[in-house]
Amino acid sequence: MPPDHQPDRDTGPKLDQDSGRRLDRDSGRGLAHELVERLKARILAGEIQPGQKLPTESSLIQEFGVSRTVVREAVSRLQAAGLVETFQGRGSFVLALPASTAFSVEASGIRTHRDVLDMIDFRIGVESEAAGLAAERRTDLQLKAVERALVDLGRTGEQPGNAVEADYAFHLKIALASGNRFYSDLLASLGPMMIMLPRTRLPHVYTVSDATHFTRVTLEHENIYRAVADRDAAAARAAMRLHLSNSRARLQAP
């Protein structure tokens, strides 16, 4: 057969069949999402270079054991994210990665009491909605992770040195349960410092070592967890807003 008529071959990099079989079908996020994450990881790691062709539909179907519909949806999402460009009859090709525009807040940029109050205002808007979405979308595994974080937070009455990390972990698990990566990415950017900075400005009566304060704060977190567990989005939003508003009020206490 003349070279111009060779059958279409997959010129892109081959994916590991074993890793394909480990596609997480129980994440609650859908197979297309899982396939997008697997391909995105390879692109970001440089395993598939800009200008290289993605494996063909048939190759991806075989490697990951998914349907053609799932593959097409995954490629469409990669295209929407600006990671690949698809040409009819030729396939999808990886684009050069755009410059990072990741959101970040440097602790050094939060200098004043006003800055700390403004950060809590910001968190009220973001985390209240994240809690509502978590109530609507959380999986049983994600709820279990929130529950474990709540238990760890309850133990900090005896281990106050772990309070900041435990508090942060609870809020991050709620964000992850929202099913929207932008919420969890944002809280990951803020890091435990979003908990630490307000605490450094609290009067002594509002420290973890104060039993009354610790009980009150623990109850606020329990109310958030309960609303998420009950899939009550309105209650989850209200519980998170109340908790963070109380935190703000404590910072303004005389």
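Tutor: Let's start with a term: two strands pair if DSSP finds at least two bridges between them. Helices (H or I, at least four residues) and strands (E, at least two) are themselves DSSP runs, numbered from the N terminus. This is a predicted model, where local features need pLDDT of at least 70 and side-chain atom pairs count only at pLDDT 80 or more, while totals for chains, interfaces and linings use all residues. Residues are numbered from 1 along each chain as its sequence is written, and side-chain values use heavy atoms, with hydrogens and water left out.

Now the strands. β1 (residues 84-87) and β2 (residues 91-94) pair in the antiparallel sense over 4 bridges. Valine 84 has valine 94 as its bridge partner, and phenylalanine 87 has glycine 91. The two strands form a hairpin with 3 residues between them, and glycine 89 in that turn has a positive phi of about 85°.

On to the helices. The axes (lines fitted to C-alpha atoms over the stretch in contact, with angles from 0 to 180 degrees between N-to-C directions) of α5 (residues 113-137) and α7 (residues 163-177) come within 7 Å and cross at roughly 55°. Angles under 35 degrees count as roughly parallel, over 145 as roughly antiparallel, 65 to 115 as roughly perpendicular and the rest as oblique, so α5 and α7 are oblique to each other. Contact here means heavy atoms within 4.5 Å. Residues of α5, including Arg123, Glu127 and Arg137, meet His171, Ile174, Ala175 and Ala177 in α7. By class, that contact has 7 nonpolar, 1 polar and 3 charged residues. (Ala, Val, Leu, Ile, Met, Phe, Trp, Tyr, Cys and Pro count as nonpolar, Asp, Glu, Lys and Arg as charged, and the others, Gly among them, as polar.)

Helix α7 also meets α8 (residues 181-190): their axes come within 7 Å and cross at roughly 160°, and they are therefore roughly antiparallel. Tyr168, His171, Leu172, Ala175 and Leu176 in α7 meet Tyr183, Ser184, Leu187 and Ala188 in α8. This contact has 7 nonpolar, 2 polar and no charged residues.
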